[in-house]
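Here is a friendly tour of some rings and spaces in a protein model. Have the sequence and the 3D view at hand as you read.

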Amino acid sequence: MPRIIFTPSILPKEVVDQAKAAAPSNFDLVVADFPSPTFTEAVKDAEYFVGFVRGGFDDAFYKSAPKLKLIQLISAGYDRVDIEAARRAKVLVANNGGANAVSVAEHTMLLILSTMKKLSNLHEGCMAGKWRIGDFSENRLFELDGKTLGIVGLGNIGKKVARRAQAFGMNVIYYDIVRLTEDQEDALGVRFALFDEVLRTADVVSLHVPLTPLTKNMMDGRAFSQMKETAFFVNTCRGPVVDEEALFQVLVTNRIMGAGLDVMAQEPPPADHKFFNLKNITITPHMAGPTVENWQRAFRNAYDNVQRVAAGRPASWVIPELRS
């Protein structure tokens, strides 16, 4: 039988058991972490890899896996994949087809609400026995209704964020290198704007782009300087798309109203990270994606793609750099 090697990395047993149960019966599934001896031996005959890549998949790795046809990621992000090594080995790399789009979109709305209504500050005050500290001029809370959300990157996640934001009465503009048609924009209820226009006009700017050389530090000092002083910034994609020093400066000087982050440039961040002293930021530990419901979708997508390739059909969700 064709072999799938599944690398669970740090996944709990409950999730690994789901992956095993969902695997197609006509494949040999080997569960092994990279670079364990079990993995090294099993990958010699593996045709498909399913799991997480955390570095190390270089030219030497592909030489050790001569039968490999597909790297099927469980994650949406693929910034830790050595794309050129995969290209040289002629191995397809696919991410996970929007399996986490619902969970990340919901988490985006969580951060928008949390930052605009200062949830963490209010919660911490209550837990410390402090009720309604300061006056309403110090605790300025905002409604989403009537505000403009600027989405940067209108893929699977961005579209779902747009629909959820509209349910709160927000107007949605977007920037993406791939524009929707006019009919598609009308159907989704969004309007295209240039990147700088999004920054200048949005009350909330939310990032949903992959990490590439083009998007690294796309939110730098120049970008933040264009945002309104009453605007909020949210990032649930990848930490390095943001220049963290530039973000710190606009937050510490109250140049923008606040920020919500699920990702950071270094994960985990150092315990003395300067963000941790700010009152106008909400941070979650890269947990937007892994909901209970998401794992089953992710494994279903992964094994479906494996079976597509095994049957000689085109793979789905191949990363843009390797689609040619």
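## An open pocket

A pocket here is an open set of grid points with protein on both sides within 12 Å along at least five of seven lines, and its lining residues have an atom within 4 Å of a point. Please keep in mind that this is a predicted model.

The second largest pocket holds about 580 Å³ of space. Its lining is made up of 18 residues, and those nearest the centre are Asn 121, Leu 122, Arg 132, Ile 133 and Asn 139. Sorted by class, that lining has seven nonpolar, seven charged and four polar residues.

## Aromatic pairs

Let us turn to the rings. The structure contains 17 aromatic pairs. One of them joins Phe 27 and Tyr 48 in an edge-to-face arrangement, 6.0 Å from centre to centre and with 70 degrees between the planes. Phe 27 sits in the loop between helix 1 (13–22) and strand 2 (28–31), while Tyr 48 belongs to strand 3 (residues 46–51), so this pair ties together parts that lie 21 residues apart in sequence. Phe 27 is buried, at a relative accessible area of 9%, and Tyr 48 is buried as well, at 1% relative accessibility.

Phe 34 and Phe 57 make another pair: their ring centres are 5.0 Å apart and their planes stand at 70 degrees, so the pair counts as edge-to-face. Here Phe 34 comes from the loop between strand 2 and helix 2 (37–42) and Phe 57 from the loop between strand 3 and helix 3 (59–64), so parts 23 residues apart in sequence are tied together.

## Charges over rings

Which charged residues lie over the face of a ring? Arg 179 lies over the face of Phe 192, at 4.0 Å from the ring centre. Lys 274 lies over the face of Phe 248, and there the distance to the ring centre is 4.7 Å.

## An enclosed cavity

Finally, there is one cavity of 30 Å³ or more. The largest cavity has about 40 Å³ of space. Its lining consists of Asn 235, Gly 239, Val 242, Glu 244, Leu 247, Leu 261, Val 263, Met 264, Ala 265 and Phe 275. By class, these lining residues divide into seven nonpolar, two polar and one charged.

Notes: Residues are numbered from 1 along each chain as its sequence is written. This is a predicted model: local features need pLDDT of at least 70, side-chain atom pairs count only at pLDDT 80 or more; totals for chains, interfaces and linings use all residues. Side-chain values use heavy atoms; hydrogens and water are left out. On a 1 Å grid over the protein atoms alone, a cavity is a set of points where a 1.4 Å probe fits but cannot get out, and a pocket is an open set with protein on both sides within 12 Å along at least five of seven lines; lining residues have an atom within 4 Å of a point. Grid points are joined across faces, edges and corners, and a volume is the space filled by probe spheres set on the points. Ala, Val, Leu, Ile, Met, Phe, Trp, Tyr, Cys and Pro count as nonpolar, Asp, Glu, Lys and Arg as charged, and the others, Gly among them, as polar. Rings of Phe, Tyr and Trp (its six-membered ring) pair if their centres lie within 6.5 Å; planes under 30 degrees apart count as stacked, over 60 as edge-to-face and the rest as tilted. Helices (H or I, at least four residues) and strands (E, at least two) are DSSP runs, numbered from the N terminus. Buried means under 20% relative accessible area, exposed over 50%, partly exposed in between (1.4 Å probe, protein chains only). A charge sits over a ring if NZ of Lys or CZ of Arg is within 6 Å of the ring centre and within 35 degrees of the ring normal.
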